[in-house]
Amino acid sequence: LNLCKFHEKAEKRPLLLLDNTDVKRYHGDIKIIKEELKMAVSFNGKHLAKFIRPEEYEAIYPQVELAHNQLESKTGAGNDFLGWLDLPVTYDKEEFARIKEAAQKIRSDSDVLLVAGIGGSYLGARAVVEAVKGLYHNEVDDGLKIYFCGNTISPTALNDIIKLTKGKRFSINVISKSGTTTETALAFRVLRKLLEDSVGAEEANKRIYATTDRAKGTLKQLATEQGWPTFVVPDDVGGRYSVLTAVGLLPIACAGIDIDALMQGAADGREKFGKLSPDNDAYRYAMTRNILYRKGKSVETLACFEPDFTMMNEWYKQLFGESEGKDQKGLMPTSCIFSTDLHSMGQFLQDGARIMFETYVDVKHTRDDFYIEELEGNFDGLNFLANQNMSVVNRKAMEGTILAHTDGGVPLGLIEVDSLSAHDVGELIYFFWRACAVSGYLLSVNPFDQPGVESYKKNMFALLGKPGYEDRKAELEAALKD
């Protein structure tokens, strides 16, 4: 064992390096340390003690047992969408290899990758890319730029995407199980023509990658006719659970992220969070959410003190919102990035209606750090922060916020994540998957369907005059005039 010396600009704590050979030689405390290092993701409820009694966890746990058994036996609601349960170990290895090959080709022959998809067909991929590579990865990294589109009907957004391709070699990854999702299909129609006009139809067909149904649907048919490389949206994995399928893996691999590490993290999560135990942290989180919901809390705010987590927040909102918001039930998922949003939402969180609880994602080790130096003259009065790392300041801001909000009557739990590495993000994804599935069953809803999503589409199609919706068009137009 080697105990590193303190660096004069490092946080004042020792760094313990474990070598595999040393671990084999030593036992006792060293073995414990090694096991602790494996715990990339965990749930810490120490700040919940005055809001939830131990016996409340004991009372709800039999319902967790039932939910777990329904998942494992595949007898619960939505059981035809449980392909994610074992996905981290049963994924298609041949397709996985083809994803890597396609990503390598795109990175070598393109300046820009346009990823066209909406909902689960883009949120997961973008969330992982920005968590691991950073919010500004396109600006600070050399090489391939990745832009997500087809997730809005805004003409301004589409025109901006077109401008980003000007003078650039670009490829397209279109993601849609059916190929007829309005937002995605409209963007792809425009971008495909742009690509064909730029390089010709034959070359364009080599730069379009379709992630779609295995055998049917408009996009699959078109891809087969044109000879585009295709990847599969599995039948048994819903969109919000699809980030570790080709839906998310191709864009993530194109970003230069190690998808082997990502999948290994998810596999480790499956091993840890797939076990029936009151100490299962994913189940502990699910129990916490439902206990507080039954006490009248109707809103959960997921917060992180790292801006790189912004799109992970958005992914969480789709995962839980679409899974639980049914039958006039469910927690409303909201999110914040602190300390930024403490200057906008902080007042409400501190003193507003007590309808919420908070869950903080506590990232223990940041991708980068910054050493604060002393400033001559101390004009800003911040020299008391000198001679330490900025990560320490950020952590003290988090700790101060925890104390303020819990003192103000806001229940608060911590999801502790070792880092935002590919491995740890993969484990975090599986943590959320398991927690969401069990939480949905605790609510007695089907966590894997989304019947309410279709309502706006039917109205939009009728108002636009889509064939087959004529009868409803006049009715809706009259309602808008009232």
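Analyst: Happy to. Please keep in mind that this is a predicted model. The chain has 20 helices and 14 strands. Its radius of gyration is 24 Å, close to the 23 Å that the globule rule gives for 482 residues, so the chain is as compact as a globular protein of that length. The C-alpha trace spans about 65 × 55 × 50 Å along its principal axes.

Now to the sheet itself. It is an open sheet of 5 strands in the order β3-β14-β11-β9-β10, with mixed pairing. At the edges stand β3 (41–44) and β10 (332–337); each has a single partner strand, so one side of each is left without a neighbour in the sheet. On average, neighbouring strands here are turned by 20° against each other, direction ignored.

If you want a pair to find on screen, take Thr 301, whose bridge partner in β11 is Glu 358. A helix also belongs in this picture: α14 (residues 281–294) packs on the sheet and touches β3, β9, β11 and β14 (412–419). The direction of α14 makes about 35° with that of β3.

The structure holds 0 disulfides. Cys 336 is in no disulfide, and the nearest cysteine sulfur, that of Cys 304, is 11 Å away. A disulfide here needs the two sulfur atoms within 2.5 Å, so that is the cut-off to hold against this distance. Cys 336 is also buried, at 4% relative accessibility. Cys 254 is likewise in no disulfide; for this residue the nearest cysteine sulfur belongs to Cys 149, 14 Å away. With a relative accessible area of 1%, Cys 254 is buried.

Among contacts between residues at least 6 apart in sequence, 75% join residues at least 24 apart. The chain exposes about 23,500 Å², and carbon and sulfur atoms supply 53% of that area.

Technical notes: Residues are numbered from 1 along each chain as its sequence is written. This is a predicted model: local features need pLDDT of at least 70, side-chain atom pairs count only at pLDDT 80 or more; totals for chains, interfaces and linings use all residues. Side-chain values use heavy atoms; hydrogens and water are left out. Buried means under 20% relative accessible area, exposed over 50%, partly exposed in between (1.4 Å probe, protein chains only). Two strands pair if DSSP finds at least two bridges between them. Helices (H or I, at least four residues) and strands (E, at least two) are DSSP runs, numbered from the N terminus. Axes are lines fitted to C-alpha atoms, for helices over the stretch in contact, and angles run from 0 to 180 degrees between N-to-C directions. Contact means heavy atoms within 4.5 Å. The radius of gyration is taken over C-alpha atoms; the globule rule is 2.2 Å times the number of residues to the power 0.38. Accessible areas come from the Shrake-Rupley method with a 1.4 Å probe; for residues, only the protein chains shown count as cover.
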